[in-house]
Amino acid sequence: MISANFSAIFYLVSGVLFILALRGLSSPETSRQGNFFGIVGMIIAVVVTFLSIGNFSSGFIYVLIFILIGGSIGAFIAYRIPMTAMPELVAGFHSLVGLAAVFVAISAFLNPEAFNLGNPGNIKLGSLIEMSIGAAVGAITFSGSVIAFLKLQGIMSGSPITFKGQHPLNAIILISIIFLIYFLCSTQSSNLFWILLAVSFLIGFLLIIPIGGADMPVVISMLNSYSGWAAAGIGFTLENTALIITGALVGSSGAILSYIMCKGMNRSFFNVILGGWGATDETSKNISKEQRPVKSGNADDAAFLMKNASSVIIVPGYGMAVAQAQHALREMVDTLKKNDIKVSYAIHPVAGRMPGHMNVLLAEANVPYDEVFELEEINNDFANADVAFVIGANDVTNPVAKTDPKSPIYGMPVLDVEKCKSVLFVKRSLSPGYAGIDNDLFYKENTLMLFADAKKMTEDITKNL
Amino acid sequence: MEIDPLIFRLSIFILSIFVGYYVVWSVTPSLHTPLMSVTNAISSVIIVGAIIAGLSGNSDNVFNTSSIFGFLAIALAAINIFGGFLVTQRMLAMYKKKKKNKK
C-alpha cells in the first residue's frame, strides 16, 4: 500500500500526460505520440489505484476479469468499426462514460465508507453534492447519447420530435433537478437519490429528441462536453486529481467543438438546443417552387471539363461517404494529377456528421492531409480555380447564404463554389439538402449537374479521362 | 485558519479548464474526430473510481450491491478506454503526408 500523497502525485502525472495527449493533436505528425502519452497516463492511473488500495484479495481477480471483458469488447469494436460510422461510435462511447459515472456514484452512495466519504445516511455534505451532480450529469449524458446514437444509426428518425409545452416541461424538470439535489443533501434520503437519477435520465432523453439530424455534430460535441463534466463531478467526490483534470479538459474540449460547429452553421447554441429546425420551417419550403432551367451533363462532359482544367477543387460532403465514393474519388484525383492538374480538397466545418469527420474519411482513402484545406484557407482560391467538383455536399455551397437575408441559412459561412469557372455538381436529384431549401447553385450559368450515384459517376469520369 | 482541500481541487479544476481551452483551440480542425475519440478514452479514467467501488466488498463477500455497480462500471469504462485509444490510433495511422517521390 502506498501513501495517499504518493498516489496523488502520480494522479497528477497522469493528468499532465492527458494534457499532452490533446496537445499532440495540434498536428498529425505529433498526434500518434500524443495518443501514446494518453495510454501511458491511463496505465499509471490504473496501476496507482491498485497500489493505493493494496488489498489484493479475491476481488482483485474480478476487477481484472471485468477489465478484460470490457477491453476485448472495446478492442473488437475499435478494429471493426467502419470510418463512416465514427459519429455513432463516439455517441455510443459517450453514453458509456455517462453510465459509468452513474454507476460509480451509485456505488459511492451505497457504500461511502469504501471511498472515505462518511457512512450511509451520513455522507459528508460536500461529497454528497459533488456525487449527485456527477450522477445527474452522467445520467443526462447517458440517455442523451443513446438518443443521439439511435438517430445517427437511423433506428430513430432524424427529424425533430416536438410537442406542445416541450420547453416549459424541460425547464420544470431542470429546475426540479436542482431542488432534488438540495433536498437530497439535506435529508440524505436514498429514495430521493433514485428519483434524481430517474429524472436526469428523462431530461437527457427529452433534451435530445427535438434536435434534428442535421444538428447532430453539435449534439455529439455537446454530449462530449457533458461526459467531461460528469467525470469531473465524480473526480471531486473521489478527490482524484487525474479525474478532475481530465473532466475539465474534456468538458472544455466538447464545449469548444460545439461552438465551432454552431459557428459553421451560423446558429446560436440555444437555437440548436431548442431544436426543430428544417422540418418545421414551412416558409422555406414554399419558396422557389417554380421550375428553373438546369444544365445537366454526363461523365463524358465532366471528364472533358476537368481534362482541360489546370486546377480543380473537390468539395466533398456526407453524401460522398454514404455512397462510399471516397476511394473512387481518390482514383479520379490520381488520374487528374497524372495529367498535371492541381487538385485540392475544400472541407466545410460542418461537412460530415461530426467535427472533422470528412478529414478522417479522406485520410482513410489515402488522401494526403496536406491536400485538404479548411474553409478559411481555401475560400479565396475558388475564384482562380477552373473546376469545382461538388460531391455529396449541398447546403454548404449554397450562395443564398450570402445573398438572401430571408433564407434560414443566411449568414452561414459557405464555400464560394460559384466563383469557379465551372462547377460540376454530383447529385442524385434536385432535392434540397438538410436545411430543406433549394440550392441556387443548381441554376447558375456555369453549373453542370451530374445526376447519378456519386460513386458510379466518379468511376465513369475516371474512365473517360 | 486552514484552507479546505476542496479549494485546492477547485483551483486545479478551474486552471485545467483554461489549459483545456488553449490546448483544444490549438488542435487542427482536421483532427477533430480523433480529438473526440481520445477525449472519450481519457474521460474513462473514471475507471479509478470504479475500481475502488469494485474492491469495496470484504473478502468473504466480494459481490455486494455497491461492488456490483463498481464492476459494471469497470467493464463500461474498459470498453471506452480500449475502444477509444485503439480507434484513435487507427485513425491517426491513416493521416499521411504527400509522398515526395510522386511529383
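1. Start with A:Lys419. Its relative accessibility is 46%, so A:Lys419 counts as partly exposed. This is a predicted model, and every value here is computed from it. A:Lys419 forms a salt bridge with A:Asp416, with the closest N and O atoms 3.4 Å apart. A:Asp416 is buried, at a relative accessible area of 10%.

2. Now take A:Glu418. A:Glu418 pairs with A:Lys402 in a salt bridge, and here the closest N and O atoms are 2.7 Å apart. A:Glu418 sits in the loop between α17 (400–403) and β7 (422–427) of chain A, while A:Lys402 sits in helix α17 of chain A, so the pair ties together parts that are 16 residues apart in sequence. A:Glu418 is buried, with a relative accessible area of 17%. A:Lys402 is partly exposed, at 36%.

3. These pairs belong together. A salt bridge network links A:Lys402, A:Asp416, A:Glu418 and A:Lys419. As background, side chains of opposite charge can pair when their charged atoms come close.

4. How many salt bridges does the structure hold over all chains? There are 9. One of them joins the side chains of A:Glu239 and B:Arg9, at 3.5 Å from N to O. This pair crosses between chains: A:Glu239 is in the loop between α8 (216–238) and α9 (241–264) of chain A, and B:Arg9 is in helix α1 (residues 5–25) of chain B. Is B:Arg9 buried or exposed? With 14% relative accessibility, B:Arg9 counts as buried, because the cut-off for buried is under 20%. A:Glu239 is partly exposed, with a relative accessible area of 42%.

5. Next, the inside. The largest nonpolar core has 191 residues, and A:Ile314, A:Phe382, A:Phe389 and A:Ile461 touch the most other members. Helix α4 (residues 86–110) of chain A gives the largest share of this core, 16 residues. A second core is separate and has 5 residues, among them A:Ala232, A:Phe236, A:Ile244 and A:Ala248.

6. Leaving aside residues up to four places away in sequence, A:Ile461 touches A:Ala299, A:Ala302, A:Ala303, A:Met306, A:Met332, A:Phe389 and A:Leu450.

7. Chain B has covered parts too. Helix α3 (residues 47–54) of chain B is mostly covered, with 7 of its 8 residues buried. Those buried include B:Ile47, B:Val48 and B:Gly49. B:Asn80 lies in another helix, α4 of chain B. B:Asn80 has 0% relative accessibility and counts as buried. Its contacts come from both chains: A:Phe93, A:Leu96, A:Val97, B:Asn40, B:Ala41, B:Ser44 and B:Phe85, not counting residues up to four places away in sequence.

8. Then the surface. A nonpolar patch of about 640 Å² is made by A:Ile61, A:Tyr62, A:Ile65, A:Ile69, A:Ile73, B:Phe63, B:Ile68 and B:Leu72. Two elements each give two or more residues to the patch: α3 (58–80) of chain A and α4 (65–92) of chain B. Which of them gives the largest share? That is α3(A), with 5 residues. A:Tyr62 lies in this helix and is partly exposed, at a relative accessible area of 31%.

9. Finally, confidence. Chain A has a mean pLDDT of 87, and 95% of its residues reach 70 or more. Over residues 277–289 of chain A, pLDDT stays under 50, and the model has 15 contacts beyond four places in sequence for them. Where pLDDT is low, the predicted coordinates should not be read in detail.

Notes:
Residues are numbered from 1 along each chain as its sequence is written. Chains are lettered from A and ligands numbered from 1 in the order in which they are written. This is a predicted model: local features need pLDDT of at least 70, side-chain atom pairs count only at pLDDT 80 or more; totals for chains, interfaces and linings use all residues. Side-chain values use heavy atoms; hydrogens and water are left out. A nonpolar core is a set of buried Ala, Val, Leu, Ile, Met, Phe, Trp, Tyr and Cys residues joined through side-chain atoms within 4.5 Å. Buried means under 20% relative accessible area, exposed over 50%, partly exposed in between (1.4 Å probe, protein chains only). Helices (H or I, at least four residues) and strands (E, at least two) are DSSP runs, numbered from the N terminus. Contact means heavy atoms within 4.5 Å. Patches are made of residues with over 30% relative accessible area and no salt bridge: like charges are joined within 9 Å, nonpolar side chains (Val, Leu, Ile, Met, Phe, Trp, Tyr) within 5 Å. Accessible areas come from the Shrake-Rupley method with a 1.4 Å probe; for residues, only the protein chains shown count as cover. A salt bridge is a side-chain nitrogen of Lys or Arg within 4 Å of a carboxyl oxygen of Asp or Glu. pLDDT is the predictor's confidence in each residue, from 0 to 100.
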